[in-house]
Amino acid sequence: MKYGIICAMQEEIELLRADLTEAAVTRIAEREFCAGKLYGKDVVLVMSRIGKVASASTATTLIDRYHPDCVIFCGTAGGVHKSLNVGDAVVGDRLVQHDFFTGVDHFRIPLLDVSYFKADQMLSSALLTAVDHYMKYEMKQDIPGEYLEEFNIISPKVQMGTIASGDQFICDNNKNAWLSEHIENLQCVEMEGAAVAQVCYEFGVPFAVLRIISDSANDDSNIDFMRFVEKAACHFTRGSLKAFLLKA
């Protein structure tokens, strides 16, 4: 079993790269594809960069060149569902491009005739279990208490639902309200997941998407995003994937 693992930002993937053994790095299209062993499993790690085009291009190259059995995308997102707080996590059961509109149907991709791309159920369930395990049993030993306190992370939770992607950083209550009205069970918004999902759908490769909530994606979003990624989110990503791969 070979796992393709994608993160959008260097800060989100660097701890995973540090744990990679037997690494062979190949530079393609200004991206470093790092093949090796991660927690005993065959993986290919790659940073996609931000946005749907960058992530779709990366996923296409990853699948075409390395033939992973599945793809997992990890990163941060803005929480839309009212139950989500900073430090919570979402595993996507469906992915949708919220900024895709042809003038007829919102979200529906022409020719494919698909609006929602379904994540692999077994992968997603296993990932959710792994995230829950990390949060309950390893997070407080992994992330310094000063950072948990700074971001008010006390008892984070993970839940499953729809993740929406678009080439927009959303911090608008009115936009959130529109998205929540039109997208069933919307949990969070980000800028890559649904593009990766579409590529995986077209290649027939199972996929899963994990997002750590960095802000509330509304007018009150005031978290120092980069500090949150560097001091907390990167640990959630590594810890969750470690728990996932060790059980795989």
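**Figure 1. The side chains of E32 and R17 meet in a salt bridge, with 2.9 Å from N to O.** A salt bridge is a side-chain nitrogen of Lys or Arg within 4 Å of a carboxyl oxygen of Asp or Glu. The model is predicted: local features need pLDDT of at least 70, side-chain atom pairs count only at pLDDT 80 or more, and totals for chains, interfaces and linings use all residues. Residues are numbered from 1 along each chain as its sequence is written, and side-chain values use heavy atoms, with hydrogens and water left out. E32 lies in strand β3 (residues 31-38) and R17 in helix α1 (residues 10-19), so the pair ties together parts that are 15 residues apart in sequence. Helices (H or I, at least four residues) and strands (E, at least two) are DSSP runs, numbered from the N terminus. E32 is partly exposed at a relative accessible area of 33%, and R17 is partly exposed at 29%. Here, buried means under 20% relative accessible area, exposed means over 50%, and partly exposed lies in between (1.4 Å probe, protein chains only).

**Figure 2. R238 and D19 form a salt bridge at 3.7 Å, N to O.** Because R238 belongs to helix α8 and D19 to helix α1, the pair ties together parts that are 219 residues apart in sequence. R238 is buried, with a relative accessible area of 19%, whereas D19 is partly exposed, with 27%.

**Figure 3. K157 and D88 form a salt bridge whose closest N and O atoms are 2.6 Å apart.** This pair links distant parts of the chain, 69 residues apart: K157 is in the loop between α5 and β8, and D88 is in the loop between β5 (70-79) and β6 (89-97). K157 counts as partly exposed at 29% relative accessibility, while D88 is buried at 2%. By the rule used here, the structure has 14 salt bridges.

Figure 4. Apart from neighbours within four places in sequence, K41 is in contact (heavy atoms within 4.5 Å) with Y3, G36, L245, L246 and A248.

**Figure 5. The structure holds six aromatic pairs.** The rings of Y134 and F236 have centres 5.9 Å apart and planes at 75°, so this pair is edge-to-face. Rings of Phe, Tyr and Trp (its six-membered ring) pair if their centres lie within 6.5 Å; planes under 30 degrees apart count as stacked, over 60 as edge-to-face and the rest as tilted. Y134 in helix α3 and F236 in helix α8 (residues 225-247) are 102 residues apart, and the pair links distant parts of the chain. Y134 counts as buried at 1% relative accessibility, and F236 counts as buried at 0%.

**Figure 6. S55 is found in helix α2 (residues 52-66).** At 0% relative accessibility, S55 counts as buried. Leaving aside neighbours within four places in sequence, S55 is in contact with S48, F73, E192, A195 and V196.
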